[in-house]
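Work through the following exercises with the sequence and the model side by side. Each task is followed by a solution that goes step by step.

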Amino acid sequence: NYIGLQLDWNYNLGYVDISMPDYIQKILKRLCHPTPSTPQYSPHEHFPAIFGGKGTRQYATAPDLSPPLPSPTYIQQVVGSLLYYARALDNTILPVLNDISTQQSKPTENSLKKCKRLLDYVSTYPNTFLRYHKSNMILTVDSDAAYLVAPGAKSRIAGFFYFKQAPNGTILTPPN
């Protein structure tokens, strides 16, 4: 385990899986969210873009005029519980989390509806993981700094970041 993430190394096949087992189940239980009767395959509603045609334009969504919720606590719990998970493992939920978070100080019925859809989505996909494969590339950094090298300048720094082939062809090596 590392910062709440489980690292499952497979040195023979050259990959590592990063996951957070049981994290979603614990969140759903804590938030008292029931298992959806049908799977939710999208974390947010899809609005297709309309291109071409005479007089078609893309506008921002209309203001939310649905009734306000009595307390923002539930919305804040959903956002707070899923934000680390989204940044660490499941970036597909970041757009809807961003949308909900902009409304969490004054949530409405629509905010709650978005939260429920998001929780249905993570309930449908509770075991998300990332897999990183070994590569023959390594990140190389060349940097330099100088102090008081020009009039009126305190310091200068420059760096080049690039990938190059690893000398032994791998960066994934078993621990000693």
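**Exercise 1. Find out which residues T108 touches, leaving aside residues up to four places away in sequence, and decide whether T108 is buried or exposed.**

Solution. Begin with the contacts, where contact means heavy atoms within 4.5 Å: T108 touches D64, S66, P67, P68 and L69, not counting residues up to four places away in sequence. This is a predicted model, in which local features need pLDDT of at least 70 and side-chain atom pairs count only at pLDDT 80 or more, while totals for chains, interfaces and linings use all residues. Residues are numbered from 1 along each chain as its sequence is written, and side-chain values use heavy atoms, with hydrogens and water left out.

Next, place T108 in the chain: T108 belongs to the loop between α3 and α4, where helices (H or I, at least four residues) and strands (E, at least two) are DSSP runs, numbered from the N terminus. T108 and L65 are 43 residues apart in sequence, yet 8.0 Å apart in space, C-alpha to C-alpha. Finally, T108 has a relative accessible area of 9% and is buried, given that buried means under 20% relative accessible area, exposed over 50% and partly exposed in between (1.4 Å probe, protein chains only).

**Exercise 2. Describe helix α4 by its span, its buried residues and the helices these pack against.**

Solution. First, take the span: α4 covers residues 109-124, which is 16 residues, and reaches 23 Å from its first C-alpha to its last. The expected span of a helix is 1.5 Å times one less than its number of residues, and the value for α4 is close to the 22 Å expected.

Second, list the buried residues of α4, which are S111, L112, C115, L118, L119, D120, Y121, V122 and S123. As background, an α-helix has 3.6 residues a turn, so residues three or four places apart point the same way. Third, look at the partners: the buried residues of α4 pack against α1 (23-30), α2 (73-88) and α3 (94-101).

**Exercise 3. Determine how α3 and α2 each cross α4, and which residues meet.**

Solution. Two packed helices are described by the angle between their axes and the distance between the axes. Axes are lines fitted to C-alpha atoms, for helices over the stretch in contact, and angles run from 0 to 180 degrees between N-to-C directions.

Start with α3 and α4, whose axes come within 10 Å and cross at roughly 155 degrees. That angle makes α3 roughly antiparallel to α4, because angles over 145 degrees count as roughly antiparallel, those under 35 as roughly parallel, those from 65 to 115 as roughly perpendicular and the rest as oblique. The contact is made by V96, L97, D99 and I100 of α3 together with K114, C115 and L118 of α4. The crossing of α3 and α4 is left-handed, a term used if the near helix is turned anticlockwise from the far one by less than a right angle, with right-handed used if clockwise.

Then turn to α2 and α4, whose axes come within 10 Å and cross at roughly 35 degrees. The crossing of α2 and α4 is left-handed, and here Y74, I75, V78 and L82 of α2 meet S111, L112, C115, L118 and L119 of α4.

**Exercise 4. Identify which residues touch the most other members of the largest nonpolar core, and which elements contribute to this core.**

Solution. A nonpolar core is a set of buried Ala, Val, Leu, Ile, Met, Phe, Trp, Tyr and Cys residues joined through side-chain atoms within 4.5 Å. In the largest one, which has 26 residues, L82, I93 and L118 touch the most other members. The elements that give two or more residues to this core are α1, α2, α3 and α4, and α2 gives the most, with seven residues.

**Exercise 5. Compare D22 and C32 by their phi values, their places in the chain and their accessibility.**

Solution. D22 has a positive phi of about 65 degrees although it is not a glycine, and C32, also a residue other than glycine, has a positive phi near 55 degrees. D22 lies in the loop between β2 (15-19) and α1, whereas C32 lies in the loop between α1 and α2. In accessibility, D22 counts as partly exposed at 45%, while C32 counts as exposed at 66%.
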